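I opened my notebook to look up how the chains of this model meet.

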Protein chains: 4
Amino acid sequence: MIRVGIVGGTGYTGVELLRLLAVHPQAELRAITSRKEAGTPVAEMFPSLRGLPQLAELKYSDAAQADLKGCEVVFFATPHGVAMAQARELTGAGVKIIDLAADFRLKDPAEFEQWYKMPHACPDLLAESVYGLPEMHRDAIRQARIVGNPGCYPTAIQLGFLPMVEAGVVDPAHLIADAKSGVSGAGRKAELGLMFSEAADNFRAYNVGGHRHHSEIVQGLNGIGPGHVTLVFTPHLTPMIRGIHATLYARLTKADVDLQQLYETRYAAEPFVDVMPPGSHPDTRSVRASNVCRIAVHRPQGGDIAVILAVVDNLVKGAAGQAVQNMNLMFGLPEETGLTAPPVVP
Amino acid sequence: MIRVGIVGGTGYTGVELLRLLAVHPQAELRAITSRKEAGTPVAEMFPSLRGLPQLAELKYSDAAQADLKGCEVVFFATPHGVAMAQARELTGAGVKIIDLAADFRLKDPAEFEQWYKMPHACPDLLAESVYGLPEMHRDAIRQARIVGNPGCYPTAIQLGFLPMVEAGVVDPAHLIADAKSGVSGAGRKAELGLMFSEAADNFRAYNVGGHRHHSEIVQGLNGIGPGHVTLVFTPHLTPMIRGIHATLYARLTKADVDLQQLYETRYAAEPFVDVMPPGSHPDTRSVRASNVCRIAVHRPQGGDIAVILAVVDNLVKGAAGQAVQNMNLMFGLPEETGLTAPPVVP
Amino acid sequence: MIRVGIVGGTGYTGVELLRLLAVHPQAELRAITSRKEAGTPVAEMFPSLRGLPQLAELKYSDAAQADLKGCEVVFFATPHGVAMAQARELTGAGVKIIDLAADFRLKDPAEFEQWYKMPHACPDLLAESVYGLPEMHRDAIRQARIVGNPGCYPTAIQLGFLPMVEAGVVDPAHLIADAKSGVSGAGRKAELGLMFSEAADNFRAYNVGGHRHHSEIVQGLNGIGPGHVTLVFTPHLTPMIRGIHATLYARLTKADVDLQQLYETRYAAEPFVDVMPPGSHPDTRSVRASNVCRIAVHRPQGGDIAVILAVVDNLVKGAAGQAVQNMNLMFGLPEETGLTAPPVVP
Amino acid sequence: MIRVGIVGGTGYTGVELLRLLAVHPQAELRAITSRKEAGTPVAEMFPSLRGLPQLAELKYSDAAQADLKGCEVVFFATPHGVAMAQARELTGAGVKIIDLAADFRLKDPAEFEQWYKMPHACPDLLAESVYGLPEMHRDAIRQARIVGNPGCYPTAIQLGFLPMVEAGVVDPAHLIADAKSGVSGAGRKAELGLMFSEAADNFRAYNVGGHRHHSEIVQGLNGIGPGHVTLVFTPHLTPMIRGIHATLYARLTKADVDLQQLYETRYAAEPFVDVMPPGSHPDTRSVRASNVCRIAVHRPQGGDIAVILAVVDNLVKGAAGQAVQNMNLMFGLPEETGLTAPPVVP
């Protein structure tokens, strides 16, 4: 059993980690921290967790008191900046780190500082850390001490663009990602724009001028194929709880490419990427509560623009599920361990 | 491994059975029938099921061709009337039956005919069948050849009223059940009133004059305590996918009863009934996709009316999950087998 | 043209007043105050109001600077406690007041203090103020200087119970109001429980132990018929934006009463109460964005419990619309002036 | 008063016409037809219309019996093919026609036949008919006998692209329209994919390979600027009732164009197009139940791709409201007559 700690388990990625790890056959939850909720049983905070034997004794503890060094791996489900502040001490004690925030996503500390408005606390650890998208960095993740778990949009968008960009069959300078997210992607926080009465029966774009995930996506796609990647990324808020739907547009530079074949081949061995049959339209609910990314490939009117549809559950493959997938890799477990529950439909 | 068949697996209770049984460690899906979809792989019908190794080979077959007699248990996720037509042949072949429709719920064939507009096909089998609410009939279920799986409303409402009525502390002649259901409770069928544009951002009562589940609830509560049960049952449609919230009202006849204690004691050993602490308000999502029924007990202003709140997921404890729980009992498995996945929140 | 002021126009009742008054043929919006938003055009705060000629010049102003005394009527769309603090000065200047908060709802200052945790600032003005439910107090409203606009739940529940209680055909000591509200009823504020990801696809009761509107309802129903009123009131949060559905239960004491006739007669002359045909189930959307209350009368199985269904839009008949209706009465206008736009369906 | 008839008033565009025309000061509803509902009062079909004096007498009548020739204008809120079958007879009798279906949208009868699978019944009338987008064809609409009212997607997408394409500042050969629609856009019909339990908490693209509105948009944009228009159009279904959000992408060919200025100038005199301030993100609810189209102009990272956001209410500016706007033009009324009610928010 892997001894697991969670720092900051009161948000949506935190409770999703609890949901997944509670039934993970190789994980033992040893500590979960929250300054504000220290002493509270997790099942009091989240009544959905009442009665689970694996969590029966689990209470939030203050980070200072928690025995994180007694864990083999610690997940950070915290705001940006927390993981990097504790990374040196924990890795020094032999603890592996999976950060679900952004501290270990952007390789360039300057870029991190630009977007997250704080200097990076440990550029050396950042340098050795691995970006936790298994479909791109599986081997490195296996060896990593620190994994920067990808953002939800970047997961869907990179998986969607990857085969085309890698194969060099599109113009990388004019990629367009029109992405739609469920509201839980914004986290568990009381903000006016995220209230039911504001977000329900409504649809809107936001941050069209610039979104933090932009750099992360460009970093991931750059260098995997010929040419420099430039991306227009338009995030939208859609009135659903979970789910990301990325609609991706790229200009084909090779007219005779068989996109369907390209995608099927690239992802043939991937346990969590499902390339759907030609003509498909994946819906977000088809991956609800599961770690799968489903992709469909289109080329409308046989023209020179490829349209790729990619869906993930932002809290699973876009956050906690992918983190568990990374843990499995880091500890030599079968990659799907604890992640086999089917999506919840309807 | 129990050899399992499903008749009529294209509705919501059918796909929910597939979701649950696909990861049930002791069940092996051998056959699933649908006249209309014969030959279609289940994962083509429900893309959420794509890639599940347990269902990889599973296709719908015509009922006539399906080897249902080779199964040890057959679930009927069909319209009313189908199970009773096949019950004699299957039980004759030693196959156990769990009917998720109403054929084996009402003990009185005349009452069945009144509500479902068809004569009962096998009153003798009806007589031996067991009503599949484990919290009331666990021992009988263990021995049963045929189980009539309760309706979704009746599950929540009976579990909510049960301890009070059993203990004889309320006036049974004026019970009121004000119940609210998610839209999936109406099944997977194209009806105008169930369309998104009709049911979203809207709330309404329906069938206030009389609902099929009324008799089933009264039958279940009658005789377990003193006095004859009369019930006013008001179902409502609420704009959510899954979930039932029953708000129950009863006039207390014993002023000094400790309701909280009564409920906690009655359900202390129940794996799927959670009596919440005093003052709680269970929300339906706290049981989403799980087999749990959560109950809270109130007595507003210390008056003589008890208010009980009970929530279930209509597709799990209110249908497919309870059916699996019954299967576990019928085959001597631990009751929670395959039903331990935590609720999905948010 | 009536010169109108609004104090505190940044919440949902405030923007709803703006929506209604912008097209009211006899109202001229002269001032709207908000400490926080002073200087901001209302159309910047609420883009839905962009381009309306009647609001083109309207900006929020600081309450201190606003010429409220130059208005003929001032609406208070504020938290509790604000209206009573300004009532003496404004009424002294000849300004009429319609308070959409609770300052002038409860006649007993002690009861006000108990529920709203502050002493009443002007019990004498409270004594002369009129409770603004036109269907009960039309004549008094016409003469009033100060109107306490009813709460949303109390509007639906009182209109629903009124004919039966008035006629003395039910046991007033055991009334039950099971009420369901859309999320906007909680106001425009960032609270965790009101977030989309918490409130969507979910249903729950709240404040079963006691809700502020309880006293208001009991006060309204007490004394209009024989006997003392006791009420169990169970509010629920339902995943829709607007709308209240009250399901009301009362024990009939007169077996042969014709409830349908009773309701139709009582409300025959009411412009905003629609008694639907026997067997109806009003849905909340049938009054969306309109000032109508629709009511249906049931007596399930011909038993001794009456079930009344009443729906209102909590922001219109339950707040801003009723306030405009009251203004019309106070200024001798036809009661329906500015309130004739049909409900928005779908 | 204009004598108005409606053919086929039982769908969403029909009831929306009723909602708008009931309070239109210059329209008098004389006839509404429905084969299936002949004899039914409209307020029985749509309880939201109960109690409206203007509709008090209005019943559906059989098309054969209805005195459509006694009307001055007839709206067709019917399936495709109905309006063209009656157009000759009605126009011959001096009746003007506004078709909300597709019969008079596509100028090329062959293209109509290709998409709608029926030959056009009256190519000569098609030739004289006018495409009812006032922002492009106002003068022609004023003179028209037959107006083909635009589709909902085409309204938002054409208004969004229009200024750029007209000004010749973008590459017309690679336009991309990523559009999201509320479910009411699919009409009032019982289809499985449109059910609440299927469409709620879900997001998906559809018809990526080809959608009927594609030709209509291309036809509208072609010829208004230099170069031939090629469009990729990706429609999506989003879990809301009303609203279309079009996110439009175009490659700028003139680097120094001031897009904000271009749009503001183009639409300065338009009563129903609102160009929002730089940096805005219009939400669909900001136009809910109103005839406004709001547009925001972006150029992310100062790059060469323009991103235009355009929102309409699919049932108003995208259907019934635009039809009324066209009627106003055809009868010499002020264009905004009957269309001034503010959007309904929240």
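**Entry 1: a bridge between chains**

I began with E198(A) and R188(C), whose side chains meet in a salt bridge at 3.9 Å, N to O. I took a salt bridge to be a side-chain nitrogen of Lys or Arg within 4 Å of a carboxyl oxygen of Asp or Glu. Side chains of opposite charge can pair when their charged atoms come close.

The model is predicted: local features need pLDDT of at least 70, side-chain atom pairs count only at pLDDT 80 or more, and totals for chains, interfaces and linings use all residues. Residues are numbered from 1 along each chain as its sequence is written, chains are lettered from A and ligands numbered from 1 in the order in which they are written, and side-chain values use heavy atoms, with hydrogens and water left out.

E198(A) is buried, at 9%. R188(C) is partly exposed, at 22%.

**Entry 2: chain C against chain A**

I looked up the contact (heavy atoms within 4.5 Å). It takes 20 residues of chain C and 20 residues of chain A. The buried area is about 1,600 Å², and carbon and sulfur atoms give 69% of it. Buried area here is the accessible area (1.4 Å probe) that two parts lose on being put together, summed over both. M195(C), F196(C) and I241(C) supply 40% of what chain C buries against chain A, more than any other three residues.

I found two salt bridges by the rule across this interface. Helix α8 (residues 196–199) of chain C gives the most to the side that touches chain A, with four residues. Helices (H or I, at least four residues) and strands (E, at least two) are DSSP runs, numbered from the N terminus.

**Entry 3: chain A against chain D**

How many residues does the contact take from chain A and from chain D? I noted 47 from chain A and 47 from chain D. The two chains bury about 3,800 Å² between them, 54% of it on carbon and sulfur atoms. D201(A), F203(A) and V208(A) supply 16% of the area chain A buries against chain D, more than any other three residues.

The rule finds six salt bridges across this interface. E198(A) turns up again: R285(D) forms a salt bridge with E198(A), with the closest N and O atoms 2.5 Å apart. The elements giving two or more residues to the side of chain A that touches chain D include α8 (196–199) and β10 (231–237) of chain A.

**Entry 4: inside one chain**

I then searched the whole structure and found 92 salt bridges over all chains. One of them joins E270(A) and R138(A) at 2.6 Å, N to O. This pair links distant parts of the chain, 132 residues apart. R138(A) is in helix α6 (residues 134–143), and E270(A) is in the loop between α10 (259–266) and β12 (273–275). E270(A) is buried at 10%. R138(A) is buried too, at 18%.

**Entry 5: cysteines**

I looked for disulfides (a pair of cysteine sulfur atoms within 2.5 Å). For C293(B), the nearest cysteine sulfur is that of C152(B), 13 Å away. C293(B) is buried, with a relative accessible area of 0%. For C71(D), the nearest is that of C122(D), 19 Å away. C71(D) is buried as well, at 3%.

How values were computed. Buried < 20%, exposed > 50% of the residue type's maximum accessible area, 1.4 Å probe, protein only.
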